[in-house]
Amino acid sequence: MQKISAIVPVYNEAECIEQTFAAVLEYLEKRPYYSFLFVNDGSTDKTKEILESKIKALSSSRINLISYDNRQGKGYAVNKGVQYADGDYICFIDSDLAYSLDHLDMVVEKLEYFDVVIGCRHLTSDKVVGVKFSRMIAGKLFNVLSNQILNLKFSDMQAGVKGFSRIAAKELFNRQDLTGFSFDAELLYLAKKLDFSIGEIPAKVSDSHQYKFSKINLLKDSVKMFLDLLTIRINDLRGRYD
């Protein structure tokens, strides 16, 4: 049985982290080959304290926490987790469980055939309801720009559930430069550049998450995404990824 490392980046999730931790515990009961690594990305609420208390009380080597001050971005947090992960397969999933932990089973199953596996919200037949218009537009715009600028062909690059073989993870994250919203696109660009095979699984957003408040600023974040995509191209031209 392959050993699986699951990384959970967290930032100011005090309201839901206990629920997430309970779900992880339940998930681990029937999966002895899994371990979870929470990475606290400089939370300013009680996220860190809650996780420390839970992990101390559990006293298990299968759930651990990395924490640092000052928020660096989700991409940085996942990268930090990959540095410590020792699984044969290394996955990450959003801490609010917008995608249920069962998605990890699908990712791992497909990693037997692909080097990189990504969640795709367009591969599920479930109708998406309640999602903020700004979030939908930003997502579509990002995918269009990413495919055009980076010469990729994916309909969904930013679903918060992905997995990698250990070799692919170490190669990709060692070259990763972006730490914010666009790091997923950079990883896929690198995977293609390095000839890693990429598979997709259907990713269903939980009903409760579809109504979650969106922090996206359509104009500001769209400009940021565009500049990030140009940065990826410039990095490649400068040999940053070689």
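Let's start with what sits over the buried residues of helix α6: the cover includes α3, β4 (89-93), β5 (116-120), β6 (161-165) and α7 (183-193). Keep in mind that this is a predicted model. The residues being covered are Ala168, Ala169, Leu172, Phe173 and Arg175. Look down the axis of α6 and these buried residues fall within an arc of 160 degrees, so they line one face of the helix. Turn to the face pointing away from that buried side and you'll find the exposed residues Ile167 and Asn174.

Now take one piece of that cover, α3. The axes of α3 (residues 74-84) and α6 (residues 166-175) come within 10 Å and cross at roughly 135 degrees. Angles over 145 degrees would count as roughly antiparallel, and this pair is therefore oblique. The crossing of α3 past α6 is left-handed. On the α3 side, Val78, Asn79, Val82 and Gln83 make the contact, while α6 brings Ala169, Lys170 and Phe173.

Leu97 isn't a glycine, yet its phi is positive, at about 55 degrees. You'll find Leu97 in the loop between β4 and α4 (102-110). Is Leu97 buried or exposed? Its relative accessibility is 17%, and the cut-off for buried is under 20%, so Leu97 counts as buried.

The other spot is Asp195, again a residue other than glycine with a positive phi, here near 65 degrees. Asp195 belongs to the loop between α7 and β7 (198-202). With 67% relative accessibility, Asp195 counts as exposed.

Technical notes
Residues are numbered from 1 along each chain as its sequence is written. This is a predicted model: local features need pLDDT of at least 70, side-chain atom pairs count only at pLDDT 80 or more; totals for chains, interfaces and linings use all residues. Side-chain values use heavy atoms; hydrogens and water are left out. Axes are lines fitted to C-alpha atoms, for helices over the stretch in contact, and angles run from 0 to 180 degrees between N-to-C directions. Helices (H or I, at least four residues) and strands (E, at least two) are DSSP runs, numbered from the N terminus. Angles under 35 degrees count as roughly parallel, over 145 as roughly antiparallel, 65 to 115 as roughly perpendicular and the rest as oblique. A crossing is left-handed if the near helix is turned anticlockwise from the far one by less than a right angle, and right-handed if clockwise. Contact means heavy atoms within 4.5 Å. Buried means under 20% relative accessible area, exposed over 50%, partly exposed in between (1.4 Å probe, protein chains only). The arc is that of the directions from the helix axis to the C-beta atoms.
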